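Please read it alongside the sequence and the coordinates.

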Amino acid sequence: MISITVTALVFGVIFLAELPDKTALAGLVLGTRYRASYVFAGVAAAFLLHVVLAVAAGSVLTLLPQQIVHAITGVLFLGGAAVLLMKKDEGEEEVRKPADQSFWKVSGAGFMLILVAEFGDLTQIMTANLAARYDDPISVGLGAVLGLWAVAGLGIVGGKALMKRVPLRLITQIAAVLMLVLGAWSLYEAVAA
């Protein structure tokens, strides 16, 4: 059964952590050059693959004793918060334009860009942590995929408008605070157990 609470929490954390990431900007660049639906199809497929890999890794962590899992996830969340707080603002990245603008070429370009750029990225590590933390792979996977797809959609369709209204630094700080809270809570549970 899917937990709406876990799904919503994971969605919020992943959405906020991915929003200031370079891939949202890359999606924006691709979305301005190509048909948005083609770009989204490729980007969405790559994010789905990343989430499946992350949830599988997180599920393996659940085989460890709970106290160790809480300690590991707590430290990783705190590390993720530190990465977000120390992250420098990134400019738009140049994306090569395929000569052929067919569905397969455009979606393939989006897929490969995200597949390479996001492998081992903070949100993939966070998804693995959340899968280990909640031991609910379906809810965590659903929340992570929806969060990543929402950011991709915003980046592709209306990223510039959002960034003009909400400062990127504020979004990053909110994500970092959420990760600090999750990290502190996980460490508390590791010590209290």
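What is the handedness of the crossing of α1 and α6? The crossing of α1 and α6 is right-handed, where a crossing is called left-handed if the near helix is turned anticlockwise from the far one by less than a right angle, and right-handed if clockwise.

This is a predicted model, in which local features need pLDDT of at least 70 and side-chain atom pairs count only at pLDDT 80 or more, whereas totals for chains, interfaces and linings use all residues. Residues are numbered from 1 along each chain as its sequence is written, and side-chain values use heavy atoms, with hydrogens and water left out.

**Overall organisation**

The secondary structure of the chain comes to 8 helices and 0 strands, helices being DSSP runs of H or I with at least four residues and strands runs of E with at least two, numbered from the N terminus. Of the 193 residues of the chain, 44% count as buried, a class that means under 20% relative accessible area, with exposed over 50% and partly exposed in between (1.4 Å probe, protein chains only). Among contacts between residues at least 6 apart in sequence, 93% join residues at least 24 apart, a contact being heavy atoms within 4.5 Å.

**The nonpolar core**

The largest nonpolar core has 31 residues, of which V10, I14, V39, M126, L130 and V140 touch the most other members; such a core is a set of buried Ala, Val, Leu, Ile, Met, Phe, Trp, Tyr and Cys residues joined through side-chain atoms within 4.5 Å. At least two residues of this core come from each of α1 (4-18), α3 (36-61), α4 (66-86), α5 (103-118), α6 (122-134), α7 and α8 (168-192), and α3 gives the most, with 7 residues. In soluble globular proteins, nonpolar side chains tend to be buried together.

α1 has 15 residues and reaches 21 Å from its first C-alpha to its last, close to the 21 Å expected at 1.5 Å a residue, the expected span being 1.5 Å times one less than the number of residues. The buried residues of α1 include V6, V10, V13 and I14. Leaving aside its neighbours within four places in sequence, I14 is in contact with T123, M126, T127, L130, A144 and L148.

For α3, the 26 residues should span 38 Å at 1.5 Å a residue, and the end C-alpha atoms are 37 Å apart, which agrees. Its buried residues include Y38, V39, G42, V43, F47, H50, V51 and A54.

**Helix pairs**

| Pair | Axis distance | Crossing angle |
|---|---|---|
| α1 and α6 | within 10 Å | roughly 160° |
| α3 and α6 | within 7 Å | roughly 40° |
| α3 and α5 | 7 Å | about 35° |

α1 and α6 are therefore roughly antiparallel to each other, whereas α3 is oblique to α6; angles under 35 degrees count as roughly parallel, over 145 as roughly antiparallel, 65 to 115 as roughly perpendicular and the rest as oblique. The contact of α1 with α6 is made by V6, L9, V10, V13, I14, A17 and E18 of α1 and T123, M126, T127, L130 and Y134 of α6.

α3 passes α6 in a right-handed crossing, and the residues in contact include H50, V51, A54 and G58 of α3 and Q124, T127, A128 and A131 of α6. α3 also passes α5 in a right-handed crossing, with Y38, V39, G42, V43, F47 and H50 of α3 and F103, V106, G110, F111 and I114 of α5 among the residues that make the contact.

**Individual residues**

D135 lies in the loop between α6 and α7 and is exposed, with a relative accessible area of 53%. Phi of D135 is near 50°, a positive value in a residue other than glycine. Most residues other than glycine have a negative phi.

G120 is found in the loop between α5 and α6 and is partly exposed, with a relative accessible area of 43%; G120 and A54 are 66 residues apart in sequence and 9.0 Å apart in space, C-alpha to C-alpha. G153, in helix α7 (residues 137-165), counts as partly exposed at 22% relative accessibility, and G153 and V43 are 110 residues apart in sequence and 9.3 Å apart in space, C-alpha to C-alpha.

Key:
Axes fitted to C-alpha atoms, helices over the stretch in contact; angles between N-to-C directions.
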